[in-house]
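Student: I have this structure open and would like to talk it through. Can we start with the rings?

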Amino acid sequence: MGEEFLTWTAGELGTKIRNKEVRPVEAVEAVLDRIEKTEPMTGAFLSIDREGALAQAEEVEKGIRSGRYQSPFAGVPAAVKDNICTRGMETTCASRILKGFYPTYDACAVEKLREAGIIILGKTNMDEFAMGSTTETSAWKVTKNPWNTAHVPGGSSGGSCAAVAADECFLALGSDTGGSIRQPSSFCGVTGIKPTYGTVSRYGLIAYASSLDQIGPIGKNVADCARMLSLLAGQDRRDSTSLKREPLQFEEDLSGEIRGMKIGVPEEYLDEGIDPEVRGALMRAMEMLKERGAVVEEFHLGMTEYVIPSYYIIASAEASSNLARFDGVKYGYRSGHAESLHEMYKMTRSEGFGPEVKRRIFLGSFVLSSGYYDAYYLKALKARAVIKQSFDKAFASYDALLGPASPQTAPKIGESLQDPLKMYLGDLYTAAINLAGLPAITVPCTVSGEGLPIGIQVIGDCLQEKKIIRAASALEQERGAFPKAPLDTEKGGI
């Protein structure tokens with residue numbers, strides 16, 4: 001039965017566990033066996049807590065019997081991105097500078113997983129400090145796409161998305177700064193939600209860009225992500241940016257009933273630069289939503305030319321400030337070659353950070369310097385306000401917006417790092433959502449001629465997760481069953 005239930009959704013497995021048809025220990029053993037088989041080829045995980053997961057499974061089973069765990073996901077195995085703190089489990093942000101860092105506390109999101117009885121298997125690979133779009137900037141390994149191991153899984157949450165796509169776990173936590181949940185979800189054929197900024201506490205998330213970062217769920221379908229978001233959402237006194245919202249049950253909007261809903265498609269998203277197959281998938285999604293009774297029309301959004309420059313200026317500026325704490329004094333890596341305090345700072349950071357992280361620290365420090373603050377950083381903040389105003393205007397007319405999650409399918413390993421600017425431009429459709437603090441969800445739509453998934457993004461106004469979940473559920477229902485990654489074929493590479 002183990003191989004069979006690996007293909008189940010988290011909701012299906014949770015129901016089987018509650019009905020005593022499957023034991024949590026059986027579920028954990030099955031995914032651990034799966035990880036042992038597939039991990040040498042996918043490289044999705046950085047660490048596995050085998051003993052801890054099995055012990056937690058035993059404890060959760062007792063808790064289900066006693067009534068302590070009422071969550072629909074109690075006993076379900078999940079993975080956590082390596083920039084989210086887990087008590088007693090090494091957390092490195094896929095960087096040498098944090099090698100050997102074992103947090104003494106759990107992130108708020110991890111606390112909520114444990115409270116729900118969700119079993120944490122281990123930590124997933126990522127781009128170093130979440131800086132990248134391919135999971136190739138990791139200091140430890142390159143994660144590969146389960147659909148074709150010659151291709152990247154996307155990033156920076158590529159490890160989490162690859163693990164879900166490869167049936168190595170049923171759910172995963174990711175973080176999204178400029179598309180880092182939605183883009184790899186598209187590349188790996190899974191579903192991922194970036195909620196409204198402040199909906200999920202950032203306490204315990206090691207910061208890249210504090211005004212943009214947001215933790216979100218990754219799962220096999222919309223229902224799993226909606227239910228997981230319900231568990232994660234809530235105000236946290238330890239995070240001053242977390243929002244006080246009414247208790248929300250996001251799974252209440254899974255009916256797929258969108259008759260009369262108005263959905264806008266920015267005409268800029270159909271312009272040159274988008275792969276023809278991705279454009280075709282977007283057009284197909286528009287038709288599917290029309291079939292479900294929605295009003296779908298193109299409109300002029302504007303501001304797209306400001307997205308990439310303003311995003312990378314703001315994100316890099318915040319990164320240069322946030323990463324100043326990694327100096328070799330308090331925790332993590334310290335250079336053994338320094339002969340003075342100044343040398344220790346310099347050599348620790350030079351040896352501990354990778355090329356992409358250094359590039360963004362340099363850029364951030366430059367735009368914040370006294371001679372260039374007004375010319376770059378201040379202008380980027382003004383552009384951010386214009387971007388938010390453009391979305392506000394759009395949502396005055398539409399319930400949700402539709403667009404691609406990436407202008408292309410997953411590139412081959414090694415292609416993106418040869419041209420960093422091209423990699424940055426890949427964030428065109430996702431980064432604006434973070435700048436405006438909006439919620440968005442990526443849903444698999446179709447498979448390209450090369451056999452790679454193409455995901456479509458549904459974008460909502462602030463605090464309107466239920467609308468995008470309803471539209472995404474409609475898209476999922478109209479699409480029908482989505483194929484699994486061909487893990488056991490020559491094409492999949494495993």
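Predicted model: local features only at pLDDT ≥ 70, side-chain atom pairs only at ≥ 80, totals over all residues.

Tutor: Start with the rule for ring pairs. Rings of Phe, Tyr and Trp (its six-membered ring) pair if their centres lie within 6.5 Å; planes under 30 degrees apart count as stacked, over 60 as edge-to-face and the rest as tilted.

Student: How many aromatic pairs does that rule give?

Tutor: The count comes to 15 aromatic pairs. Take Phe129 and Phe353: their ring centres are 5.9 Å apart and their planes are at 70°, so this pair is edge-to-face. The pair links distant parts of the chain, 224 residues apart. Phe129 is in the loop between β3 and α6 (158-165), and Phe353 is in the loop between α11 (341-352) and α12 (355-368).

Student: Which pair is tilted?

Tutor: Tyr373 and Tyr377 form a tilted pair, with 5.3 Å centre to centre and 50° between the planes. Both lie in helix α13 (residues 373-395), 4 residues apart, about one turn of the helix. Tyr373 counts as partly exposed at 32% relative accessibility, whereas Tyr377 is buried at 14%.

Student: Which residues do ring pairs link into a cluster?

Tutor: Phe101, Phe129, Phe326, Tyr331 and Phe353 are linked into a cluster by ring pairs.

Student: What about the backbone at Phe129? What is its phi?

Tutor: Phe129 has a positive phi of about 50°, although it is not a glycine. Thr135 also has a positive phi, near 65°, and is a residue other than glycine. Thr135 is found in the loop between β3 and α6. With a relative accessible area of 0%, Thr135 is buried.

Student: Where is there a cis peptide bond?

Tutor: A cis peptide bond joins Gly155 and Ser156, with omega about 5°. Ser156 is in the loop between β3 and α6.

Student: New topic. Why is β3 described as largely enclosed?

Tutor: Strand β3 (residues 119-124) has 6 of its 6 residues buried, so it is largely enclosed by the rest of the structure.

Student: Which strands pair with β3?

Tutor: Two strands pair if DSSP finds at least two bridges between them. Strand β1 (residues 45-48) runs antiparallel to β3, and 3 bridges join them. In that pairing, Phe45 has Thr124 of β3 as its bridge partner. Strand β2 (residues 77-81) pairs with β3 in the parallel sense over 4 bridges. There, Ala78 has Ile120 of β3 as its bridge partner.

Student: What do β2, helix α5 and β3 make?

Tutor: With helix α5 (residues 108-115), β2 and β3 make a right-handed β-α-β unit. A crossover is right-handed if, with the strands pointing away from the viewer, the path from the first strand over the helix to the second runs clockwise.

Student: Last topic: cavities. How many are there of 30 Å³ or more?

Tutor: On a 1 Å grid over the protein atoms alone, a cavity is a set of points where a 1.4 Å probe fits but cannot get out; lining residues have an atom within 4 Å of a point. Grid points are joined across faces, edges and corners, and a volume is the space filled by probe spheres set on the points. The count comes to 2 cavities of 30 Å³ or more.

Student: Which residues lie nearest the centre of the largest cavity?

Tutor: Gly132, Ser133, Ser180, Tyr311 and Asp427 lie nearest its centre, out of 15 lining residues.

Notes
Residues numbered from 1 in each chain as written. Heavy atoms only, no water. Buried < 20%, exposed > 50% of the residue type's maximum accessible area, 1.4 Å probe, protein only. Helix = DSSP H or I, 4+ residues; strand = E, 2+ residues; numbered from the N terminus. 1 Å grid on protein atoms, 1.4 Å probe; cavity = no way out; pocket = protein on both sides within 12 Å on 5 of 7 lines; lining within 4 Å.
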